[in-house]
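The sequence and the structure are shown first.

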Amino acid sequence: MNDFMGPVPMPALDAVAPEVYRGFYGMPMFTLLPTRDLEASKDFWIRGLGFIDLFSAPGQVTHLRRWAFQDVLLLPVEQVAEQPSMSISFSCVPSQIDEIRARCEELVPGSAAEPEIKPWNSLELTVHTPENTRVVMTAARPIDPDSAVAANLRAMGIEVPAGG
């Protein structure tokens with residue numbers, strides 16, 4: 001491991017989400033999402049998924065952000081794909097999954113699936129946004145040192161701390 005601590009908290013069921021990051025930086029990665037309805041998409045991402053409007057150029061682009069390095073740019077277009085060809089994942093903490101699901105369902109009924117525990121030890125919520133993007137909110141779970149997940153990690157030569 002290294003000493004770099006990113007914005008994502010260590011896996012814990014009681015992990016606390018960092019604040020939305022409002023500063024400017026050279027973005028190492030960001031997503032461009034085409035949308036037919038910029039305002040509807042912007043509203044869903046803000047009120048449903050918990051992003052902020054970092055800045056907008058009306059009718060041209062909306063720059064959304066959640067935690068540091070979770071940047072999305074919404075771009076108005078005439079046509080979007082019927083089926084999403086990819087998905088994008090964003091880290092969150094376990095306590096946020098149910099609230100995000102409830103907000104998204106309130107805004108667009110049927111947009112959020114039931115959360116699932118995945119074999120890679122995360123709790124995941126899949127949401128389809130108004131512009132037809134498949135968004136996966138991923139909450140890391142602590143590793144039980146006596147679990148099969150921990151045994152598999154050890155078999156790959158990865159050290160598993162005693163506390164998970």
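## Sheet and salt bridges

In this predicted model, strands E1 and E4 (residues 71–76) run parallel and are joined by five bridges. Within this pairing, Pro34 has Leu75 of E4 as its bridge partner. Helix H1 (residues 38–48) packs on the sheet and touches E1, E2, strand E3 (61–65) and E4. The direction of H1 makes about 160 degrees with that of E4.

The sheet as a whole is open and consists of four strands in the order E1-E4-E3-E2, with mixed pairing. Strand E1 (31–35) and strand E2 (52–57) stand at the edges with a single partner strand each, so one side of each has no neighbour in the sheet. On average, neighbouring strands are turned by 20 degrees against each other, direction ignored.

Strand E3 pairs with E2 in the antiparallel sense over five bridges, and Ser56 stands opposite Thr62 of E3. The hairpin of E2 and E3 has three residues between the strands, and Gly59 in the turn shows a positive phi of about 75 degrees. E3 also pairs with E4 in the antiparallel sense, here over four bridges. Thr62 has Leu74 as its bridge partner in E4. Five residues lie between the strands in the hairpin of E3 and E4, where Phe69 takes a positive phi near 75 degrees.

E3 is mostly covered, with five of its five residues buried. Val61, His63 and Arg65 point one way from the strand, whereas Thr62 and Leu64 point the other way.

The whole structure contains six salt bridges. The table lists some of them.

| Side chains | Distance, N to O |
|---|---|
| Asp43 and Arg47 | 2.8 Å |
| Glu114 and Arg101 | 3.1 Å |
| Lys118 and Glu116 | 3.6 Å |

Asp43 and Arg47 both belong to helix H1 and are four residues apart, about one turn of the helix. Asp43 is partly exposed at a relative accessible area of 31%, and Arg47 is partly exposed at 46%.

The side chains of Glu114 and Arg101 also meet in a salt bridge. This pair links distant parts of the chain, 13 residues apart: Glu114 lies in the loop between helix H2 (94–107) and strand E6 (116–118), and Arg101 lies in helix H2. Glu114 is exposed, with a relative accessible area of 54%, whereas Arg101 is partly exposed, with 21%.

In the pair of Lys118 and Glu116, Lys118 counts as partly exposed at 21% relative accessibility, and Glu116 counts as partly exposed at 42%.

Methods: Residues numbered from 1 in each chain as written. Predicted model: local features only at pLDDT ≥ 70, side-chain atom pairs only at ≥ 80, totals over all residues. Heavy atoms only, no water. Pairing = 2+ DSSP bridges. Helix = DSSP H or I, 4+ residues; strand = E, 2+ residues; numbered from the N terminus. Axes fitted to C-alpha atoms, helices over the stretch in contact; angles between N-to-C directions. Contact = heavy atoms within 4.5 Å. Buried < 20%, exposed > 50% of the residue type's maximum accessible area, 1.4 Å probe, protein only. Salt bridge = Lys/Arg side-chain N within 4 Å of Asp/Glu carboxyl O.
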